[in-house]
Amino acid sequence: MPTVAAAVKWVDRRPEVDPLTGAVTTDARTSGMSEADRAAVEWALRLGERWSWETLVVTAGPPIAESVLRDSLAAGVDRAVRVDCRADLPSPRVAAALAPALSAVDVVVCGDWSLDRGSGSVPAFLAADLGAAQALGVVAIEPAGPAIVDAERRLDGGRRERLRVTAPAVISVEGASARLRRASLSGVRAAQRAPLTTMAGPENGDHGGGALRRGPLRPRPKVLPPPDPSLPPRDRILALTGSLVERTPPQRWALEPSQAAERIIDQLRAWGVGAQ
Amino acid sequence: MSPQTFDAVVVGAGPAGSAAALEIARAGRSVALIERGPFPGAKNMFGGVVYGRILDTLVPGWWEQAPVQRWVTRRATMVMTPTQALTIDYRTDSWSRPPYNGATVYRADFDPWLAGLAQDAGAELICSTTVTGLIREASGRVRGVRTDRPDGEITAQVVLACDGVNSFLAKEAGLYPHADPGHFTLGVKEVLALPREEIDTRFGLSGLEGADFEIMGCTGDIPGGGFLYTNLDTLSVGVVLRLTGLTKSGRRPEEVIAGMKSHPVIAPLVAGAELKEYSGHLIPEGGYDAMPQLSGDGILVAGDAAALTLAAGIWLEGVNFAIGSGAAAGATAADALAKGDTGPAALSAYRRRLEGNFVLADHRKLRRAPDFILSERVQHRYPAMVCGLVEDLYTVTNPQPKPGGLRAARRQMRKAGVTLWDLARDGWTAWRTFG
């Protein structure tokens with residue numbers, strides 16, 4: 001039977017962050033699924049009901065992360081898999097850990113980004129690992145046919161775009177796109193006893209590179225040369241603030257996507273961002 | 001869909017509910033423990049001290065496994081006016097070793113531990129589920145509860161309402177008389193973070209030793225009291241305010257806490273602490289005469305839901321009464337289930353069980369305490385009189401001769417507006433209440 005899956009993350013929804021040291025304190029009791037992941041489970045359930053497909057929920061994390069699987073089972077998901085790994089793997093490693101559990105899945109729905117400084121990149125990495133189409137940051141999904149959905153995304157200026165996505169596909173959804181249904185009492189009871197499948201993930205010691213140093217996010221300050229001390233005070237302030245300096249006006253280009261990407265990269269290089 | 005069926009359903013996984021579920025599960029009966037919060041103890045609201053003697057029989061050796069912050073080895077009762085304070089301060093080493101006397105705990109740690117014991121014994125804990133009402137037969141007999149979940153009916157032969165103060169289930173079952181606001185107080189508490197070493201230094205503690213201060217005269221014109229407890233790296237500071245007095249005063253409860261924290265005696269203890277949490281909760285302090293009917297046809301009431309909070313001056317206890325009443329309710333339910341009779345006559349054994357132990361014995365003995373403690377003289381005049389008297393005795397008046405205790409007492413009585421008749425009358429009441 002074809003399968004639609006939700007890939008969710010166990011994360012502290014109310015972590016405590018020390019403003020001075022950046023140390024993050026988490027608590028298992030306030031951990032669970034983000035709103036985006038809850039929306040992903042709801043979309044998976046809706047698609048499963050619409051197409052009469054099996055529904056699956058997958059997470060990558062330690063045993064305590066099973067609470068999000070049981071929450072999903074209570075809401076009506078058929079099957080649950082936990083990929084055993086540590087909770088702080090970087091995004092490419094998370095996607096790589098999830099991929100074997102989702103290799104036979106036709107449509108994967110994820111939350112658009114996790115709460116613990118997520119960048120929204122896991123769904124993209126996952127789509128690459130699975131060789132699937134991707135539609136990221138989606139606000140609505142409408143089944144357009146068997147294994148085909150129309151996904152709606154936000155664009156700048158309040159505009160939207162509609163993407164027709166055919167399975168196999170990975171779709172990430174915003175938290176406000178759907179509200180996870182209230183689990184029935186019988187569902188909650190059954191989920192507490194339901195068997196879960198556990199798959200071996202990356203070795204715990206294999207962190208996959210990642211953090212070299214832990215601390216609060218502090219972007220480097222932009223160093224400005226001191227203004228000419230011979231200038232009058234007003235001019236020195238203008239020189240420091242950049243006021244009244246003529247700037248390059250915004251430019252608008254109408255290009256094909258590949259050309260647009262090249263153009264953006266060229267401009268970033270011109271500004272000194274990223275590798276030269 | 002057919003309702004879920006258990007032998008018993010316990011509503012509320014606080015100390016009372018978990019103790020009840022533990023007893024029923026240990027008796028081999030199926031029991032559902034329904035909790036509104038995402039986990040037991042999600043709302044960390046109570047004073048902060050648990051007195052553990054009741055746990056000795058329920059969980060032998062409990063001190064080796066219970067999640068405790070500090071063991072209370074220092075207890076102080078403080079009487080204060082806005083500028084004065086008189087403290088009776090007691091500490092003992094015997095409370096710092098098993099079987100201990102009291103401990104400060106966080107509800108978010110303690111409640112899951114107790115509920116976990118019930119689960120280990122076979123109870124089924126169902127969280128994030130609110131009970132919305134009772135299922136009753138045409139005869140009025142309670143046969144289960146409704147919850148806010150789809151297909152959320154649970155039928156059971158007996159329902160244990162441990163749903164906290166102002167129990168909607170006890171009211172729906174007709175067990176609660178008209179609730180009088182005068183029987184309730186509002187407890188508000190701040191949890192303030194300080195480094196553990198700083199707390200040890202300020203309160204003269206070491207290791208896991210803890211301090212428990214009960215304070216009178218710190219609530220201004222509102223009848224009530226205050227408390228200050230030490231946790232490992234936080235302080236619990238709060239006030240308990242009679243609801244009617246608070247309403248009449250027009251003050252905000254956080255103002256009252258701020259006033260207490262700025263008192264010259266309290267301020268150095270809390271200086272520089274960071275506010276971590278602020279919470280408020282109603283407390284049923286009406287005592288023995290304000291309790292609801294404790295059992296009905298298919299229903300038992302325990303803990304705060306049964307108004308079983310002891311507020312008697314130097315004793316401010318709730319959790320131990322909740323555990324005691326919950327365990328008694330659970331044992332009664334288990335007996336009734338074994339006999340196949342959960343009718344009102346069988347369940348009335350619950351009250352007899354409570355009367356036979358400290359739960360109702362203490363409440364009956366101290367039934368006059370709430371009104372006495374919250375009376376205007378005890379709240380305001382006596383603190384002023386006692387503090388004034390001690391100040392007179394400690395003030396060196398040279399070259400004037402010392403005033404003499406009796407003379408100083410008369411002067412302070414006049415100043416505080418206390419007559420000999422008042423002293424005699426209140427002394428008699430105090431003797432009858434606490435003697």
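This is a predicted model: local features need pLDDT of at least 70, side-chain atom pairs count only at pLDDT 80 or more; totals for chains, interfaces and linings use all residues.
Residues are numbered from 1 along each chain as its sequence is written, and chains are lettered from A in the order in which they are written.

In helix 7 of chain B (residues 253-261), a DSSP run of H or I of at least four residues, the residues P253(B), V256(B), I257(B), M260(B) and K261(B) are buried, that is, 20 or more other C-beta atoms lie within 10 Å of their own. These buried residues fall within an arc of 135° seen down the helix axis, and therefore line one face of helix 7 of chain B, the arc being that of the directions from the axis to the C-beta atoms. The face turned away carries E255(B) and A258(B), which are exposed (12 or fewer such atoms).

Helix 1 (residues 15-26) and helix 9 (residues 319-339) of chain B have axes that come within 7 Å and cross at roughly 30°, the axes being lines fitted to C-alpha atoms over the stretch in contact. The two helices are therefore roughly parallel, a term for angles under 35 degrees.

Between chains, the contact takes 11 residues from chain B and eight residues from chain A, with contact defined as C-beta atoms, placed from the backbone, within 7 Å. The chain B side divides into five nonpolar, three polar and three charged residues, where Asp, Glu, Lys and Arg count as charged, Ala, Val, Leu, Ile, Met, Phe, Trp, Tyr, Cys and Pro as nonpolar, and the others as polar.

Methods:
Axes are lines fitted to C-alpha atoms, for helices over the stretch in contact, and angles run from 0 to 180 degrees between N-to-C directions. Angles under 35 degrees count as roughly parallel, over 145 as roughly antiparallel, 65 to 115 as roughly perpendicular and the rest as oblique. Two residues are in contact if their C-beta atoms, placed from the backbone, lie within 7 Å.
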